[in-house]
Structure formats: C-alpha cells, structure tokens
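Please look through the sequence and the predicted model shown below. The report that follows takes up a few local features, one heading at a time.

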Amino acid sequence: MKRREFFEKTLLGGAVVRAGSSIPAAAQDADSRPAEMFREGERVIERPMAGRPHAGKVLAAIQPHSDDIPLFAGGTVAKLVSEGYSGCLVRMTNDEKAGRGATTGEVVLNNERDNDAVAKALGLARVFNFNYRNHRMDNESRQEIRGRLIHLFRLLQVDTVICYDPWGHYEENPDHYVTAQVVESACWMAGSTRDYVEHLEAGLKPHAVREKYYFARGPQLVNRIVDISGSIDRKVDANRVNVTQGPAGENGARLRERLASQKQRLPILGNDDETANRQYIKHIVLDVDSIGLRGVPSDRELGQRYGLEWAEAFHYVGPAATRLDQFIAKNAVPL
Ligand SMILES: [Zn+2]
C-alpha cells in the first residue's frame, strides 16, 4: 500500500470511521481499522458557537513554516478568533529552503511577507518569527527553543495552542516534529515556579497552556472534529496569500493558464485568475486532490462523515477534570 493511501485509510478509516456512529457498517471493514488510533467515547464535534464565548482568551498558532497553519488548521484558527480569541502566529523557521526567490535572502523575505499576510488573513494580531534555519531544527537546542516558548507563553498569557501533533506518526520533516515536541513540553513547563525563574524576577507569572489542538499529516489519535463550514472562506484567504511556497497561492491561475495552452479549461476555475486561485484552493487543494497536495484527507469528505460541510481533525488536549471538589462536597463531615 502506498504511503499516502495508508494515511488516508488510517485517518479516515481508523480515527474517524471507528468513532462515527453514522458510518455504514459496510465501511467499517477490517482493512479500514488498522490501529488503535481512537479511544471510544472521546470524540467531540466542535461546532460554531454564538457570540464571543472565548473573549479574553489568548491563542498561539505555532507553525514551523508559513504554510502549515493555513493548510491544516486555518479554518479552526479563524473560527476561534471569530469566537473571541485574540491571537498570535509564531513561525519557527526562516523558510529559506522553500519557494520562490532568486537568492536565499529573497526566499526568506518572500516567506516572511507571506507569513505576515497569513496572520492578517486569520485575524492574528501579532507575529513572532523565531527564524531557525529551515530543515535544520533537529540541530538546534531544544532547551533554547523551549525557553523562548515558555517566555512567550508567560508574556502573552497563552491559553491555547494549535500546532503539529507531537505524537503524530510518520512525520518526515524535522522542523515539524521538533516544533511539536518542544511546544508540548513548553506548555506545561510554563506553569512551573521552578523553571526559568529569572522570568519571575522580571515580573512574569507562571502560566501553563491549558488547551491544545494538535494536527498531523499522518495517523494520529483524533478526538475532535471541528466544524469549519463557517470559516472555510477565511481558510481559503489564508492559503491564497501563501504565494511563495506550498500548494495554494497562485497555483489556480497557473493551472488555468496551462490548460488554456492545451485548449482546455476547468469550469470550476472560473474565467479570471483570482477566481481560479480561490476556487483551486477550496475545491482542489482542500478537497479533490487533498491527499496528493497536502497529504491529508479532504476537509469536505471529512466533514461529510459527520454531517458537516467542511471539517478539520485534531487531537485535542484540554484541562484535566478533577472530581476532588465533588468528592469533598459529598463526603466531608464536620470535625
Ligand atoms: Zn511545514
């Protein structure tokens, strides 16, 4: 089985099909249940929320490269921001190996500009570029990266992160898995009173990150499906501005031009370049050729399995529930 077919079967067949009560029994054949990717009963469908229930909360969208968050979590970021989160976009590398530019310096600058535009498209007010060298994050000190993230989490009082899954399988890019692993450890360590105590001397307070949305390009333990039907066009916006690297950007216009040179056209791409770019992102990158272009199943097909128009999948980690208060209330007696 090809690697991408395996991913598709494990992501859609394993994590989602096993969990979905609405999935026809015939679809739940043994071949589509390859691994224990999902714990029964843990799946949550996160739907749009009215008003601004997250007002006052802070979101950090953390990506190694300028196209990661737009491709894999752009709909969820836009949804959470529209529901009240304020947020920042943290980019870990300088993207020097990816995309257009006559020199390395030009590539770095082009990607930095794209990344700023991504933040704007998603409503993330601040951008932090850590600028580690692209494709080389496994050669960097994880202690240093962790320390920088802990400082940021405490400074901004970050409540929630969205990032690659530190436990996602078969991730081949060292920038992805190093970022994910360091974010995971920084989230809880930022709440410690004994780590990086000089931060406390400078006036910062210990502050653990309590909610995490993790996405992956390979099999992962999926326990949350986010309905992004209301934010799919914002996701398209965020991918549209990523013109230097990645499968989105201006590739719709390029495809339209190539087809025209062969005396063909795809009606779905419309009659002008801008329509072609946006339609290509929405219907080709995020749907028809999602596996080929992003390495993950279609957002539309994922949504369909849950009765949604468009969806993104995550492993979500929230605050641990405690039963102690209830236990005390029920069982404590006067001295
Ligand atoms: Zn990446």
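## Cysteines

In this predicted model, the sulfur of Cys163 has its closest cysteine sulfur in Cys187, at 8.3 Å, which is too far for a bond. A disulfide is a covalent bond between the sulfur atoms of two cysteines, and it is counted here when the two sulfur atoms are within 2.5 Å. Cys187 is likewise in no disulfide, with the sulfur of Cys163 as the nearest cysteine sulfur, and the structure as a whole holds zero disulfides.

## The loop residue Asn94

Asn94 is found in the loop that runs between strand 3 (86-93) and helix 3 (104-122). Although it belongs to a loop, Asn94 is buried, having a relative accessible area of 10%.

Two polar partners can be named for the side chain of Asn94: the side chain of Glu96, joined to it by a polar contact of 2.9 Å, and the backbone nitrogen of Asn134, which lies 3.3 Å from one of its polar atoms. Leaving aside residues up to four places away in sequence, Asn94 touches Val108, Asn131, Tyr132, Arg133 and Asn134.

## A nonpolar patch on the surface

On the surface, Leu324, Phe327 and Ile328 form a nonpolar patch, and together they have about 320 Å² of accessible area. Leu324, one of these residues, is found in helix 12, which covers residues 324-331.

Terms used. Residues numbered from 1 in each chain as written. Predicted model: local features only at pLDDT ≥ 70, side-chain atom pairs only at ≥ 80, totals over all residues. Heavy atoms only, no water. Patch = residues over 30% accessible without salt bridge, like charges linked within 9 Å, V, L, I, M, F, W, Y side chains within 5 Å. Areas by Shrake-Rupley, 256 points an atom, 1.4 Å probe, with all protein chains shown as cover. Salt bridge = Lys/Arg side-chain N within 4 Å of Asp/Glu carboxyl O. Helix = DSSP H or I, 4+ residues; strand = E, 2+ residues; numbered from the N terminus. Buried < 20%, exposed > 50% of the residue type's maximum accessible area, 1.4 Å probe, protein only. Polar contact = N/O pair within 3.5 Å; in protein donor to acceptor, adjacent residues only side chain to side chain. Contact = heavy atoms within 4.5 Å.
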